[in-house]
Amino acid sequence: MVWLRSFVRLTIMLCQSGWWGVASSPTDEGALRTGHGDHGEPGHQEHHKDSYSTFASEFLESRYLSDDGYPFPTAPPVDPFAKIKVGDCGVTKGCIRYGKPGCDAETCDYFLSYRRIGTDVEYEMSADTDGWVAVGFSSDKKMGGDDVMGCVHDDNGRVRIHHFYNVGQWAKEIKRNPARDEEGIFENNRVTCRFKRPLYVPREETLVDLHLSWYYLFAWGPAIQGSITRHDIDNPPVSDRMISIYKYEDIFMPSTAYQTFNSPICLLLIVALTFYLLMGTP
């Protein structure tokens, strides 16, 4: 093995340099006895220094290179952030997309997915922002008294998962954080994260029971030194109905720019105008 050959090479080097006192010669012993006293301490220190210098120079020259020419040992590789798979939406996980029709986790203004894994729920979130992205669990579609999980991009480039509780229109950070197996990345001006949270936690005001259905509040916005600020839009989107983690749906919510033609009044006006243009004026 490479590490064994390197260890043997190092052992031989130490022995030849006298670092362990194995290869000392009569000349070396005489040098040890020379000095200002009978015990020869200065001479011993000088020999120790010379041996260390020899060892250090050989160490720096060899740099513990393996037979393949790489430094030994090498650090283990870091697993990259696995991209969110939208092909599983509505099948093995539930998804909510907000933005342009047909958008995915990398192009929607906001994206959320959820799926059950044992006694946990895994959430994935992504938003077009350089600050933070969050989801809130509400009983009434309104901000206030809500359990919130948020992913925040800090000044060091890291994305961390935080737990908040909405006090009126203000999100207060809670020290007790139920998130685990946290992952996060900031890339292409998007904050993306993945984490697990227990389905059930002991009842308390700031944590909801995910066995139950809740309205989902979606929000994102800028951050200053790792602290969240006001969300990007005045009226963040809210799920039309309560979401159950036991029902995997693929829900699309058009952003404001694509909501005009969803209004019945607008559609009626468009039909009337088209009919008028086709028939012409009398």
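The lining of the largest pocket divides into 18 nonpolar, seven polar and four charged residues. This is a predicted model. About 550 Å³ of space lies in that pocket. A search of the whole structure finds 12 salt bridges, and the count of aromatic pairs comes to eight.

**Largest pocket**

- The lining of the largest pocket comprises 29 residues.
- W132, M143, N166, Q169 and H231 lie nearest the centre of this pocket.
- Two or more lining residues come from each of β4 (132-138), β5 (147-153), β6 (159-167), β7 (170-173) and β10.
- Strand β4 gives the most to this lining, with five residues.

**Second largest pocket**

- The second largest pocket holds about 230 Å³ of space.
- Its lining is made up of F81, K83, I84, A105, E106, S126, I185, E187, N188, R190 and T192.
- By class, these lining residues divide into four nonpolar, three polar and four charged.
- β8 (180-187) and β9 (190-198) each supply at least two residues of the lining.
- F81, one of the lining residues, also has a charged neighbour: R194 lies over the face of its ring, at 4.5 Å from the ring centre.

**Aromatic contacts**

- Eight aromatic pairs are found.
- One of them joins Y110 and F218, whose ring centres are 5.1 Å apart; the planes stand at 50 degrees, so the pair is tilted.
- This pair links distant parts of the chain, with Y110 in strand β2 (residues 110-117) and F218 in strand β10 (residues 215-221), 108 residues apart.
- Y110 has a relative accessible area of 0%, so Y110 is buried.
- F218 is buried too, because its relative accessible area is 1%.
- Ring pairs also link Y114, Y123, F137, F195, Y216 and Y248 into a cluster.

**Salt bridges**

- Side chains of opposite charge can pair when their charged atoms come close.
- R97 and D250 meet in a salt bridge, at 3.0 Å from N to O.
- R97 is buried, with a relative accessible area of 13%, whereas D250 counts as partly exposed at 39% relative accessibility.
- R180 forms a salt bridge with D120, and the closest N and O atoms are 2.5 Å apart.
- R180 sits in strand β8 and D120 in strand β3 (residues 120-127), 60 residues apart, so this pair also links distant parts of the chain.
- R180 counts as partly exposed because its relative accessibility is 37%.
- D120 is buried, with a relative accessible area of 9%.
- E122 and K196 meet in a salt bridge through their side chains, at 4.0 Å from N to O.
- That bridge links distant parts of the chain, from E122 in strand β3 to K196 in strand β9, 74 residues apart.
- Both E122 and K196 are buried.
- Salt bridges that share partners join K93, E124, E183 and R194 into one network.

Key
Residues numbered from 1 in each chain as written. Predicted model: local features only at pLDDT ≥ 70, side-chain atom pairs only at ≥ 80, totals over all residues. Heavy atoms only, no water. Phe/Tyr/Trp six-rings, centres within 6.5 Å; stacked < 30°, edge-to-face > 60°. Helix = DSSP H or I, 4+ residues; strand = E, 2+ residues; numbered from the N terminus. Buried < 20%, exposed > 50% of the residue type's maximum accessible area, 1.4 Å probe, protein only. Lys NZ or Arg CZ within 6 Å of the ring centre and 35° of its normal. 1 Å grid on protein atoms, 1.4 Å probe; cavity = no way out; pocket = protein on both sides within 12 Å on 5 of 7 lines; lining within 4 Å. Points joined across faces, edges and corners; volume = space filled by probe spheres on them. Nonpolar A, V, L, I, M, F, W, Y, C, P; charged D, E, K, R; others polar.
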